[in-house]
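Look at the structure below before reading on.

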Amino acid sequence: MNSTQEILVENLPKALADTAYMVLVSTLIGVVLGTLIALLLYLTENQLFRPSPVVNAIIGFVVNAIRSLPFLILMVVLIPVVQIIIGDPYTPTGGAISLSIAAVPYFARIAESAFAEIDPGLLEAAISTGAPTRQIITDAIFPQALPSFIRGIVLTIISLIGYSAMVGTIGAGGIGDMAIQYGYNRYETGVLVVIVVILIIIVQIIQWVGDWIARKVTH
Amino acid sequence: MSVIELRDVSVTFHERRQTIEAVKHVSLTVEKGEIFGIVGFSGAGKSTLVRVINLLQRPTSGRLLLDGADITDAKGSQLRDIRKRIGFIFQGFNLISNVTVGRNVQFALKAGGWEKSDWDRRTRELLRLVGLENKIDTYPSSLSGGQKQRVAIARALANKPEILLCDEATSALDLETTEEILDLLQRINRELGITIVFITHQLDVAKQVFDRVAVMENGSVVELGDTFDVFSAPKHATTRSLVERYLGIAVPPQLVPSLPAGQIVELRYKGDAALEPLISEVAKRHGVSINVLHANVSYFGPHAIGILIVLVSGGDAAVNAALDELKSHVFGFRKLDRTALAQIHDADGADNEDGTDADDAGNENRGEKETNA
């Protein structure tokens, strides 16, 4: 029991910080780039804006290609790529890069479906005021898609927490790394239990906060 | 002076290897300051046509002129400037539900290039015009349908347009609210001098507010003229069907076989002239019996039209003489075919999908606006 406590005190704060770092960085990149890609998909698909089946099909194909790889395989495939970018792939930053590459197409599809839910009539009304596309995006589409967006961000964060455990297993650090190293390899069941409890609590909190914000912005 | 001119406009859609001609060679002009209506059953192409006017829908062929200038190919900022001159309101209101009433109006002000410092003043001015100044900070979800449409009107008027397009703008509203919105639109038309193009399948709306009306069927305009003229003496089958549904002047088909022998005729007359004395006189003089099967008077603007369906029975020669005399006293005279009447229900169900809607609109309004003659 003593050693369990020592392991936790010694490693847990750093593991949590690494996981938080990887998840936050990849969520941020995933949401920003994913939203841009979703906008491209949406604008090139919608007859009211700039329909362009070719551009839409190309972007859609790339998004689907990345999405079709299970994260475990994507991660392995990306090891040499990450190595070229930052040198050492077995660091939290290396993990964050892999996670980001998975997060971008993931969030792109979520954001795209949030946009697609918007009533086309609302777009017609917005276009009819003579507003430029930029204003329609920022002042009509975003406010209208915001609740779905927030739920999508929550979904993404929770998925990325799961994926971050996988990058942990190949040595990128974080809470998954810790669970494997101590809980699995060293039979420290106590460590595993604590990590499981922490993960459950974190995910519950994120879900609860996300739902609360989404409700706040829905009118 | 015509403010809108459509020249031979067609719109064709290609969907799943199918070609749909939504609008076929429509030419019409809308005069400055009038309320121009387009009526027809759903699927007639009305919505597509009205979307051509602000180029939400590009015509496949034909030209669109605004104040005499050809704007068919307008793009970019020129197109946006044109749209600022044309307000648009919809059946579904189409407000941004996650922002307040005030922000909905300000969306249009921002599009119109108003200074930010003027937004609040102008928003209040517009909301005052539609009677909702106290709702500036409310979200649309807490408003009634009529209030939402008022907000949509405020938004459409934000940039002081010359034209207001209304796409079934009252079709989602109840009777009372429809009246309020129509009153408001008429006030806007009169006081601000805004030309209104209004499409609807509700004849009750059409007859109340339209100066002129175009009837559309299957992508084409089949009849066009002053509202009273078009509806009092419909020439095309679609117009007749619209009017008949609205007035409910069909003889119940199941009743037809049980009627005594004789000729069934439909008489149309200006509502202010009474027909009953004429009918009894004609009946007496020619020794025939004339039964009134259906009678209705309806007001189109200030004018009234009456429609009677009568059964004239007696000796052949006497009936013919009686019919000739009736014919000379009315402006609409049509012999109805018995077998067709007995089947009228089936035929109606088949010729359009929207029959129920049009029927409902007619039925709801019948008690309100008409008096049985």
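Leaving out residues up to four places away in sequence, B:I188 touches B:L164 and B:I194. B:I188 itself is part of helix α6 of chain B, which runs over residues 175–191. The model is a predicted one, and the values below are computed from it.

Is B:I188 buried or exposed? B:I188 counts as buried because it has 20 C-beta neighbours inside 10 Å, and the cut-off for a buried residue is 20 or more. A residue some way along the chain gives a sense of distance: B:D81 is 107 residues from B:I188 in sequence, and the C-alpha atoms of the two are separated by 22 Å.

Next comes the nonpolar core. In soluble globular proteins, nonpolar side chains tend to be buried together. In this model the largest nonpolar core has 156 residues. The residues with the most contacts inside this core are A:A126 from chain A, together with B:A154, B:L165, B:C166, B:I196, B:V197 and B:F198 from chain B. Which helix of chain A gives the most to this core? Helix α6 of chain A, residues 133–172, does, with 16 residues. From chain B, the core takes at least three residues from each of domain 1 (2–235) and domain 2 (248–369).

When neighbours within four places in sequence are set aside, B:F198 is in contact with B:I35, B:G37, B:C166, B:A169, B:V209 and B:F210. Among these, B:C166 is also on the list of core residues with the most contacts.

Now consider chain B as a whole. Chain B is divided into two parts, domain 1 (2–235) and domain 2 (248–369). The C-alpha centres of these two domains lie 36 Å apart. A UniProt record, from an unreviewed entry, places the annotation "domain: ABC transporter" on residues 4–243 of chain B. Over residues 4–243, chain B is 38% helix and 28% strand, with 27 Å between the end C-alpha atoms.

The last topic is where the two chains meet. Here 21 residues of chain A are in contact with 23 residues of chain B. On the side of chain A that touches chain B, the elements giving two or more residues are α5 (120–128) and α6 of chain A. Of the elements on this side, α5 of chain A gives the most, with seven residues. Sorted by class, this side of chain A has ten nonpolar, eight polar and three charged residues.

Technical notes: Residues are numbered from 1 along each chain as its sequence is written. Chains are lettered from A and ligands numbered from 1 in the order in which they are written. This is a predicted model: local features need pLDDT of at least 70, side-chain atom pairs count only at pLDDT 80 or more; totals for chains, interfaces and linings use all residues. A nonpolar core is a set of buried Ala, Val, Leu, Ile, Met, Phe, Trp, Tyr and Cys residues joined through C-beta atoms within 7 Å. A residue is buried if 20 or more other C-beta atoms lie within 10 Å of its own, exposed if 12 or fewer, and partly exposed in between; C-beta atoms are placed from the backbone. Helices (H or I, at least four residues) and strands (E, at least two) are DSSP runs, numbered from the N terminus. Domain bounds come from an automatic or database domain assignment. Two residues are in contact if their C-beta atoms, placed from the backbone, lie within 7 Å. Ala, Val, Leu, Ile, Met, Phe, Trp, Tyr, Cys and Pro count as nonpolar, Asp, Glu, Lys and Arg as charged, and the others, Gly among them, as polar. UniProt positions are given in the numbering used here, feature names are shortened, and annotations may be inferred rather than shown by experiment.
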